[in-house]
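Please read the following alongside the sequence and the model.

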Protein chains: 2
Amino acid sequence: MRFTLDGRMVDRPCLWPVEGGIEHIDQRKLPGSTIIERSKTLKEQLEAIRTLSVRGAPALGVFAGLSFAFGLERGSDPNDLKLAILSARPTAVDPRNAVCEVEDAFLISGPKGAMSKALEIMERTISQCRQIGEHGARLVPDGGRVMTHCNAGALATVDWGTALAPIRMKARQGGDPFVWVSETRPLLQGSRLTAWELAQERIRHSLIVDSSSGHLMSQGLVDLVIVGADRVARNGDVVNKIGTYDKAVLARENNVPFYVALPLSTLDADTATGADIVLEERPAEEITDMNGMATAPEISPAFNPAFDMTPHRYITGYVTPRGVLDREGLLELFH
Amino acid sequence: MRFTLDGRMVDRPCLWPVEGGIEHIDQRKLPGSTIIERSKTLKEQLEAIRTLSVRGAPALGVFAGLSFAFGLERGSDPNDLKLAILSARPTAVDPRNAVCEVEDAFLISGPKGAMSKALEIMERTISQCRQIGEHGARLVPDGGRVMTHCNAGALATVDWGTALAPIRMKARQGGDPFVWVSETRPLLQGSRLTAWELAQERIRHSLIVDSSSGHLMSQGLVDLVIVGADRVARNGDVVNKIGTYDKAVLARENNVPFYVALPLSTLDADTATGADIVLEERPAEEITDMNGMATAPEISPAFNPAFDMTPHRYITGYVTPRGVLDREGLLELFH
């Protein structure tokens, strides 16, 4: 990811290991300030996870793997470490997978093996996202107008992104894509994070409120939609940020292709259909409080599901490290 | 409308004439404070219109008619008055209609006739909204869950509301309705105004982000949708707050009935189809600034259409003062 740091343009992931610890871009401070946080102790690393200073399932997986490996290097107890790291944000599946892989390596070849496995997971995550970019860029016409939702960018995945990878790749190929950035209430990951990533690389874009998606599609202003995924069930149903389902239905109604971009770690072989996935509900205050001001009467409750489920019938294709696949192709990845 | 004023419950419109002027609830201060503004001079009245202290097309029409009549009572020049009032918010059609009616009365029977016409317009607006409530309440099952968007309530229409009238009436009949209040980005008229009206009358409701509409419908949590309208074309197409079209498409996809509530003044006989209506675009800052804080990078532009157009084929029925009509019935109202 290219971004400006201390006045000069750098090209690096949004988190990376340094001597005895991890550095990462503090996502809470964006878009106002680009602050690099360094966490050396386990306590600092857990704090970064808990406070959403690092967020995005693949990025959390890499961060958890590195935190675990650094802890093992310091001689901490593996079980204590594991428990602490996995309970910091218990719902994401990527940290669990990463920590298990690092633990296996530790059992075979000690702290050194653990660290090289953690670095391998990081490299693999980056490389899968880059592959998503290569395959997905072919879907974007020159000057094409892509709509996305939430942040499925480098910040969420260490580098490149999932939904943003095809756009970033297209831009680097000189294809001049344009992005409709859906702001993504309540936490505004679209406005705060996706717009920041695009602004850093000077990729053309415009913010919109989430509910103008259908209007833009009906006016012929959208060539395709690409979103990320939090979990993909064994039948191809997709769970992603609330609002994804709305866009999928509106895209089909307006004959706009709708793609889901995902690394292989997002496939959930243990879940038969999207309807089996329990969707997280988050605090009402995310909706009723805005920058410290109440936006609604004090007695008004709010219902805040963080995710929704998009049935596979609305999905034109899946952009994966193995190529752009139809449903049949996707289902083969589970075997 | 019932609301708490200075510690006690009152039942009155949200604007009303007083000795030499107009009092109204300042909509900019809601939901935090219920402040009654009194405007006696033309300057104060224009300021109230311009700053959105009074908003909502039918409410603006009544306010404009009263402002005009008070000006005529003070002996001001009719043409100067008319020009000043109609240029305060030039796009709304209701102020134009109201001022023309009051002017006709003035020409026949002077300032007294003008004032009684202004009061008649106010009574007529309230009574049409009440009729919308009576007809529409029959659509709402006991304990029924109604989704709405923006504020088409008493605040926007002097009393009762359009979309909120059936809900308010159902509640007064003891039918215990429940309302999903879509917050309505960017200006949050749902959270700030609709939730306030419902909270005042202790009608059960819950706020949601706009993009969770489809999820709620797909989960069987919505019995019907009722929205207001800013303009209805001669073929039944409806222009309303951005996000209305999304809800209409999602409702049809999920077999949820979708109704539009409107007074007769919203019918636009001069426009053949919704596609002929030019939709207002508003400033980008409504999206990129939130309570004084930038939510996006400074260089990120935003596209902010204030309205969208819902083709008649998505609309189950029209809730009017003449009854709940299908498209054919609606089209007869134009004759």
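A salt bridge here is a side-chain nitrogen of Lys or Arg within 4 Å of a carboxyl oxygen of Asp or Glu. The model is a predicted one, and over all its chains it holds 42 salt bridges. Side chains of opposite charge can pair when their charged atoms come close.

Arg2(B) pairs with Asp11(B), and their closest N and O atoms are 3.5 Å apart. Arg2(B) counts as partly exposed because its relative accessibility is 36%. Asp11(B), with a relative accessible area of 48%, is partly exposed as well. Another salt bridge joins Glu101(B) to Lys117(B), with 3.8 Å between the closest N and O atoms. Glu101(B) has a relative accessibility of 23% and so counts as partly exposed.

In chain A, Glu101(A) and Lys117(A) belong to a network of salt bridges that also links Glu120(A) and Arg124(A).

A further pair in chain B is Asp142(B) with Lys170(B), whose side chains meet in a salt bridge at 2.9 Å, N to O. Are the two partners buried or exposed? Asp142(B) is exposed, at 65% relative accessibility. Lys170(B) is buried, because buried means under 20% relative accessible area and the value for Lys170(B) is 9%.

Salt bridges also cross from one chain to the other: between chain B and chain A the count is 4. One pair of side chains that meets in this way is Arg185(A) with Glu183(B), at 2.6 Å from N to O.

Which parts of chain B supply the side that touches chain A? Helix H7 (189-200), strand S8 (204-208), helix H8 (213-218), helix H9 (244-253), helix H10 (285-288) and strand S15 (307-310) of chain B each give at least two residues to that side. H9(B) has the largest share, with 6 residues. Sorted by class, the side of chain B that touches chain A consists of 28 nonpolar, 15 polar and 9 charged residues.

The size of an interface is often given as the accessible area lost when the parts come together. For chain B and chain A, the buried area is about 4200 Å², and carbon and sulfur atoms give 65% of it. Ser211(B), His215(B) and Phe303(B) together supply 14% of the area that chain B buries against chain A, which is more than any other three residues. The contact takes 52 residues from chain B and 52 residues from chain A.

Chain A has 11 helices and 17 strands. Its radius of gyration is 19 Å, close to the 20 Å that the globule rule gives for 335 residues, so chain A is as compact as a globular protein of that length. Along the principal axes, the C-alpha atoms of chain A fill a box of roughly 60 × 50 × 45 Å. Of the 335 residues of chain A, 61% count as buried. Where contacts in chain A join residues at least 6 apart in sequence, 73% of them join residues at least 24 apart.

Technical notes:
Residues are numbered from 1 along each chain as its sequence is written. Chains are lettered from A and ligands numbered from 1 in the order in which they are written. This is a predicted model: local features need pLDDT of at least 70, side-chain atom pairs count only at pLDDT 80 or more; totals for chains, interfaces and linings use all residues. Side-chain values use heavy atoms; hydrogens and water are left out. Buried means under 20% relative accessible area, exposed over 50%, partly exposed in between (1.4 Å probe, protein chains only). Contact means heavy atoms within 4.5 Å. Buried area is the accessible area (1.4 Å probe) that two parts lose on being put together, summed over both. Helices (H or I, at least four residues) and strands (E, at least two) are DSSP runs, numbered from the N terminus. Ala, Val, Leu, Ile, Met, Phe, Trp, Tyr, Cys and Pro count as nonpolar, Asp, Glu, Lys and Arg as charged, and the others, Gly among them, as polar. The radius of gyration is taken over C-alpha atoms; the globule rule is 2.2 Å times the number of residues to the power 0.38.
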